[in-house]
Amino acid sequence: EILGYAYAAQFRDRPAYRFTCENSIYIRHDRRGRGIGRALLAALLERSRDAGFRQMIAVIGGGEPASIAVHAAAGFAHAGRMHRVGRKFGRWLDTV
């Protein structure tokens, strides 16, 4: 049974960004709040370091409070908000 998944990819294709990745974490809606995201992020951080990345960025669509909290607990710092840059389910979303 799949409860969630996570992956990281190089942040940008340009050589200057080769040591920076961006993460994505998805948890099944009925299994949120059980520490799955925290565990996936911890494993992803370790594997990304092992792959040679020095910095990980999280671009959180919709400014989801739970995702912000999981990332903050892992040491991520808030760097800003981009207003209405994404569109999902018929509405414009900010990213944090």
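## Salt bridges and a tyrosine patch

Arg81 and Asp94 pair through their side chains in a salt bridge, 3.3 Å from N to O (a side-chain nitrogen of Lys or Arg within 4 Å of a carboxyl oxygen of Asp or Glu). This pair links distant parts of the chain, 13 residues apart: Arg81 sits in the loop between α2 (65–73) and β4 (82–88), and Asp94 in strand β5 (residues 91–95). The model is predicted, so local features need pLDDT of at least 70 and side-chain atom pairs count only at pLDDT 80 or more, while totals for chains, interfaces and linings use all residues. Residues are numbered from 1 along each chain as its sequence is written, and side-chain values use heavy atoms, with hydrogens and water left out.

Here is a friendly tour of the rest.

**Salt bridges**

- The structure holds 5 salt bridges.
- Side chains of opposite charge can pair when their charged atoms come close.
- Glu1 and Arg31 meet through their side chains at 3.5 Å, N to O. They also bring together distant parts of the chain, 30 residues apart, with Glu1 in the segment before β1 and Arg31 in the loop between β2 (20–27) and α1 (36–50).
- Arg31 forms a salt bridge with Asp30 too, where the closest N and O atoms are 3.9 Å apart.
- Through shared partners, salt bridges join Glu1, Arg28, Asp30 and Arg31 into one network.

**How open these charged residues are**

- Glu1 counts as exposed because its relative accessibility is 73% (exposed is over 50%, buried under 20%, partly exposed in between, with a 1.4 Å probe and protein chains only).
- Arg31 is partly exposed at 22% relative accessible area, and Asp30 is partly exposed at 36%.
- Arg81, at 41%, also counts as partly exposed.

- On the surface, Tyr5, Tyr7 and Tyr26 form a nonpolar patch with about 330 Å² of accessible area together. Patches are made of residues with over 30% relative accessible area and no salt bridge, joining like charges within 9 Å and nonpolar side chains (Val, Leu, Ile, Met, Phe, Trp, Tyr) within 5 Å. Accessible areas come from the Shrake-Rupley method with a 1.4 Å probe, and for residues only the protein chains shown count as cover.
- Tyr5 belongs to strand β1 (residues 4–10) and is partly exposed, with a relative accessible area of 47%.
- Ser24 lies in strand β2 (strands, E, are DSSP runs of at least two residues; helices, H or I, of at least four; both are numbered from the N terminus).
- Ser24 counts as buried because its relative accessibility is 15%.
- Not counting residues up to four places away in sequence, Ser24 touches Tyr5, Ala6 and Tyr7 (contact means heavy atoms within 4.5 Å).
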